[in-house]
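Hi everyone, thanks for making the time. I'd like to walk you through a structure that may be new to you, so please have a look at the screen.

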Amino acid sequence: GTIFTAPAQVTESYDFIVVGAGTAGCVIANRLSEDSSIKVLVIEAGISDNGTESSLISTPLLAGTGIGTIYDWNYTTTAQPGLNGRALGYPRGFVMGGSTSINGMIYSRGSSEEYDRMARVSGDSGWSWDSLQKYIYKNERHTPPWNNRSNVGEFDPHVHGYGSLLTGLTPTVFEHDLRVIQTTSEHPDMYPFNLDVNSGDGLGFGWLHATVGHGARSTSSSAYLHPALNSRSNIDLLLHSQVTKLVETTPKTFNSVQVAQALTAPKYEFTASKEVILSAGAIGTPQILMLSGIGPANHLASVGVPFIIDLPDVGNNLQDQVILTLQYEVNGTTLSPFLNDDAAVGAALAQWAENRTGIAAGNTVVNTIGYLRLPFKSPLLSMGDPAAGPNSAHYQIAFLGTFYPNQGQTVPATGNWMSISIVVQSPTSRGEVKLTSSSAFTHPSIDPAYFTTAFDIGTAIEAIRAAHKFITTSAWDGFIIRPYADAANLTTDAQVEAYIRKFSSTLNHPTSTAKISKDTEEGGVVGPDLIVKGANRVRVVDASILPAAVAGFPQAEVYIIAERAADLVKETWGLT
Ligand SMILES: Cc1cc2nc3c(=O)[nH]c(=O)nc-3n(C[C@H](O)[C@H](O)[C@H](O)COP(=O)(O)OP(=O)(O)OC[C@H]3O[C@@H](n4cnc5c(N)ncnc54)[C@H](O)[C@@H]3O)c2cc1C
């Protein structure tokens, strides 16, 4: 296939247009182009992942540093009352591979109940965990770390597949990781060991997979898009080109897109002879739908967008997860001294560039995690249980072998540090994405509404208490020297709450802004087949269709739903 860099270069016609070469978009484009009788065009607003700075993407040690660069849309949230009025930078991938090219690489599918909930709310058993197994195997493959460290006892080979997305466990185990696992063997009732958190068993403590293989980050682009572009002539990619709206070809039928490279640049129109698949992500997809006249009628009127289909849930139900850390100076070897030593980091990056080995070639910062529930009798649950089921987490605590700073904190120049990160997995706060103008080149307003419910703040307080308690067990004797000053006085609920509101930041997991629901239901944006309700020949396949925030990490779930969605499209059009 060809990579175009301007719309004027595209002269052929296509059966399918995929909007966004992100996590889901690359999967869809690859799978549809398996049928050589059809032609696929992928349109991506962002840039190539083969550019001069692409080691930012592929070096595992540099995960996180793509934020705020040319690879990022660089959105900002609205001021968050639940975070003392702070507005947060809100990264999204602006590059082939989408957010999988800049994300934290953690691959954790969540509990089987997540998928069963999707089947339940959509009325389609094809979304259940059991039905999706073949897509899970098709997507992912466990690989050994670059140093071939034995992973026996740290994962279950049976729950990993044969796909092109490579995952693996850390090449380097730290003392605190071993203490986490030791705690599970000393207190199995309270802190059960989970051999593989990707097995569908979503609770307990275990080792984390990351999207790393052969010493490099594996992305949706490296796993799905490049291989298809390299080997097939029936798939093309158009970069640097933003879809500004869907175009109605006949009433309520949207198999065309309008594209432009900048606000004042010429506009082009491309028509798919079969259908358009929107995979622009949880921010981009609702923005495009609303710009196309599909969304809440009153809101569209307020920004001057001609209205076509009234779907009040477009942009609604935004859910995101926040992260905050507690840091401890510890008696033992961590990554801190290395990360504080510029010469050592430079040498590691040089070694990686040479042969994809060394400390830069692995996922080493966060290796162990615990997925936990509120106590059975927690008064917070009297408000209702937002988890997908009784075996799905309300919160996680994960263990990082360095000082992971909260917003505004400075990393200490010396010492060995461990951080425990805290995430509320099943928030009940609901935010929204809204247009601020009828122009596609103005960022939408993003309001995740963090910590606007008593459940969310109460669960975060509980999580901090659980982290404190976890490290007072005997496995931690002699290891913890002291908490970092900011976390030293977290005694009363009021102190803990103040810490949460001061330091929480986004974990970058927005979902549910075009959520799935039953065909017969009024709410929701797409039906079980992912076709936009009330519209023809346009589907949504990305994180925006998820019914709720996931009690794992979202990329795995997006890959899995995209694999099945490709089969749904193939079925509709009789493809192979
Ligand atoms: C910094 C960061 C860290 C994260 N860490 C993790 C993690 O460790 N583990 C995990 O599981 N998840 C993580 N996530 C979340 C995860 O990456 C996302 O949930 C997932 O990748 C979303 O997939 P998607 O297909 O919905 O969207 P994306 O992958 O974001 O793809 C959307 C694509 O559409 C393009 N696009 C948008 N609008 C338009 C338009 N108008 N025209 C053309 N193209 C457009 C974008 O440029 C992008 O390429 C992280 C995310 C970020 C940003």
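Predicted model: local features only at pLDDT ≥ 70, side-chain atom pairs only at ≥ 80, totals over all residues.

I'll start with the overall build, then go to the core, the ligand, and a few elements up close.

The protein has 13 helices and 27 strands. Its radius of gyration is 23 Å, close to the 25 Å that the globule rule gives for 576 residues, so the protein is as compact as a globular protein of that length. If you draw a box along the principal axes, the C-alpha atoms fill roughly 70 × 55 × 45 Å. Buried residues account for 56% of the 576. And if you take contacts between residues at least 6 apart in sequence, 73% of them join residues at least 24 apart.

Now to the inside. How many residues does the largest nonpolar core have? The count is 158, and among those with the most contacts inside this core are Ile 17, Val 19, Val 276 and Ala 562. Helix α13, residues 554-573, gives the largest share of this core, with 9 residues. There is also a second, separate core of 6 residues, which includes Trp 146, Trp 352, Ala 360 and Ala 361.

Let's stay with Ile 17 for a moment. Setting aside its neighbours within four places in sequence, Ile 17 is in contact with Leu 41, Ile 43, Val 257, Phe 270, Ala 272 and Val 276.

Next, the ligand. There are 41 residues around the ligand, and the closest are Gly 20, Gly 22, Gly 98, Gly 104 and Gly 284. Sorted by class, this shell has 20 nonpolar, 18 polar and 3 charged residues. Which elements each supply at least two residues of the shell? They include α1 (23-32), β14 (242-247), α7 (281-291) and α13.

Over to the strands. Strand β13, residues 235-238, is covered on both faces: Ile 235 and Leu 237 are buried on one side, and Asp 236 and Leu 238 are buried on the other. Strand β1 (residues 3-4) runs parallel to β13, joined by 2 bridges, and here Ile 3 stands opposite Leu 237. Strand β3 (residues 40-43) also pairs with β13 in the parallel sense, over 4 bridges. In that pairing, Ile 43 stands opposite Leu 238.

Now for helix α3, residues 112-122. Is α3 largely enclosed or open? With 8 of its 11 residues buried, α3 is largely enclosed by the rest of the structure. The buried ones include Glu 113, Glu 114, Asp 116 and Arg 117. What covers them? The cover over the buried residues of α3 includes α4 (129-139) and, here it is again, α13. After α3 comes Gly 123, which has a positive phi, near 70°.

Last stop: Ala 228, in helix α6 (residues 220-231). Why does Ala 228 count as buried? Because Ala 228 has 21 C-beta neighbours inside 10 Å, and the cut-off is 20 or more. Not counting residues up to four places away in sequence, Ala 228 touches Gly 1, Ala 29, Asn 30, Ser 33 and Ile 235. Cys 26 is 202 residues away along the chain, yet the C-alpha atoms of Cys 26 and Ala 228 are separated by 9.2 Å.

Note on methods. Residues numbered from 1 in each chain as written. Core = buried A, V, L, I, M, F, W, Y, C linked by C-beta atoms within 7 Å. Buried ≥ 20, exposed ≤ 12 C-beta atoms within 10 Å, placed from the backbone. Contact = placed C-beta atoms within 7 Å. Rg over C-alpha atoms; globule rule 2.2 N^0.38 Å. Near = placed C-beta within 6 Å. Nonpolar A, V, L, I, M, F, W, Y, C, P; charged D, E, K, R; others polar. Pairing = 2+ DSSP bridges.
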